[in-house]
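Here's a quick walk through one model, with the cut-offs spelled out along the way. Have the viewer open while you read.

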Amino acid sequence: MVEDTKLLKDDEALAAELVLGLLDGDEKAVALRKQLSDPTFAQYVDDWNRRIDPLFHEFQEAEPAASIWDGIENRLDNGSSDDSVVRMKRWRTGAIVSGALAACLALALIVDPTPNVAPSEVSTVAVAQLTGDIEGLVLAVSYNPDTAEMRVDVNGMPETETAPELWIVGGDGVPRSLGQIGRNGISAMTVPSDHRELINSAATLELSMEPPSETPHAKPTGKPVASGKITFI
């Protein structure tokens with residue numbers, strides 16, 4: 001039974017990668033053949049297309065010239081201060097990470113696989129991207145209001161003696177702990193019932209670094225190292 005569940009999740013992840021354009025060559029060919037021959041896998045692909053389609057309506061296509069980055073770097077190298085160079089490189093890194101994060105957010109939407117779900121039954125999902133001053137640190141968060149399950153995909157967390165703790169900040173500006181999460185990879189949690197109503201489009205998720213603890217802290221001990229607004233899709 002465990003193997004069946006793992007295969008189910010692997011198939012849905014493969015469908016997500018196909019929809020997001022993350023496959024090429026032989027991997028893409030295998031996935032396309034599977035889509036034609038396996039009705040369940042084809043349904044996963046259709047479900048992912050419905051989930052991802054609203055994201056693409058928010059953006060307009062743009063094609064910057066290939067020489068733009070080289071031109072900026074050449075000007076920086078010929079007279080700009082070291083601080084300017086560092087800021088520009090971080091900006092470029094952020095642009096690349098943001099593009100990759102679209103895939104991370106979409107993959108994080110795998111929250112309770114149900115085969116053959118009709119379009120009218122697809123639930124609204126809350127997502128958030130958390131970034132801050134720590135270079136390379138990115139969190140992709142998804143929340144399923146139907147199951148109260150939240151999944152947090154952490155990438156680029158530095159090694160510290162403190163542990164990452166997630167907070168929900170509602171309209172009153174008071175942070176409430178959702179619990180400590182893993183330093184890397186995906187952490188899953190059930191949001192406490194008294195915090196669920198706070199998860200709306202006006203709320204913010206924040207990450208702070210706290211002393212390791214088995215129970216949530218009453219309040220953060222320092223400033224957040226990453227934050228992001230919640231969006232429903």
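What follows covers the sheet, the cavity and the ring contacts.

This is a predicted model, where local features need pLDDT of at least 70, side-chain atom pairs count only at pLDDT 80 or more, and totals for chains, interfaces and linings use all residues. Residues are numbered from 1 along each chain as its sequence is written, and side-chain values use heavy atoms, with hydrogens and water left out.

Let's start with the sheet. It's an open one, with 8 strands in the order S5-S4-S7-S8-S1-S2-S3-S6 and antiparallel pairing. Strands here are DSSP runs of E with at least two residues, numbered from the N terminus, and two of them pair if DSSP finds at least two bridges between them. S5 (175-180) and S6 (185-190) are the edge strands; each has a single partner strand, so one side of each is left without a neighbour in the sheet. On average, neighbouring strands are turned by 25 degrees against each other, direction ignored; the axes behind that angle are lines fitted to C-alpha atoms.

Here are some of the pairings, each with one bridge as a handle:

| Strands | Bridges | Example bridge |
|---|---|---|
| S4 (163-169) and S5 | 5 bridges | Glu165 with Gln180 |
| S1 and S2 | 5 bridges | Gln129 with Ala140 |
| S1 and S8 (226-232) | 5 bridges | Ala126 with Phe232 |

S1 and S2 also make a hairpin, with 5 residues between them. In its turn, Gly136 has a positive phi of about 90 degrees.

A cavity here is a set of points, on a 1 Å grid over the protein atoms alone, where a 1.4 Å probe fits but cannot get out; lining residues have an atom within 4 Å of a point.

Which residues line the largest cavity? They are Ala126, Val127, Ala128, Val141, Ser142, Tyr143, Met150, Ile199, Leu205 and Ile230. The elements giving two or more residues to that lining are S1 (126-132) and S2 (138-144). By class, the lining has 9 nonpolar residues, 1 polar and no charged.

Last, the rings. The count of aromatic pairs is 0, taking ring centres within 6.5 Å as a pair. Lys34, though, has its charged end over the ring of Phe41, 5.7 Å from the centre; the rule asks for NZ of Lys within 6 Å of the ring centre and within 35 degrees of the ring normal.

Note on methods:
On a 1 Å grid over the protein atoms alone, a cavity is a set of points where a 1.4 Å probe fits but cannot get out, and a pocket is an open set with protein on both sides within 12 Å along at least five of seven lines; lining residues have an atom within 4 Å of a point. Helices (H or I, at least four residues) and strands (E, at least two) are DSSP runs, numbered from the N terminus. Ala, Val, Leu, Ile, Met, Phe, Trp, Tyr, Cys and Pro count as nonpolar, Asp, Glu, Lys and Arg as charged, and the others, Gly among them, as polar. Rings of Phe, Tyr and Trp (its six-membered ring) pair if their centres lie within 6.5 Å; planes under 30 degrees apart count as stacked, over 60 as edge-to-face and the rest as tilted. Axes are lines fitted to C-alpha atoms, for helices over the stretch in contact, and angles run from 0 to 180 degrees between N-to-C directions.
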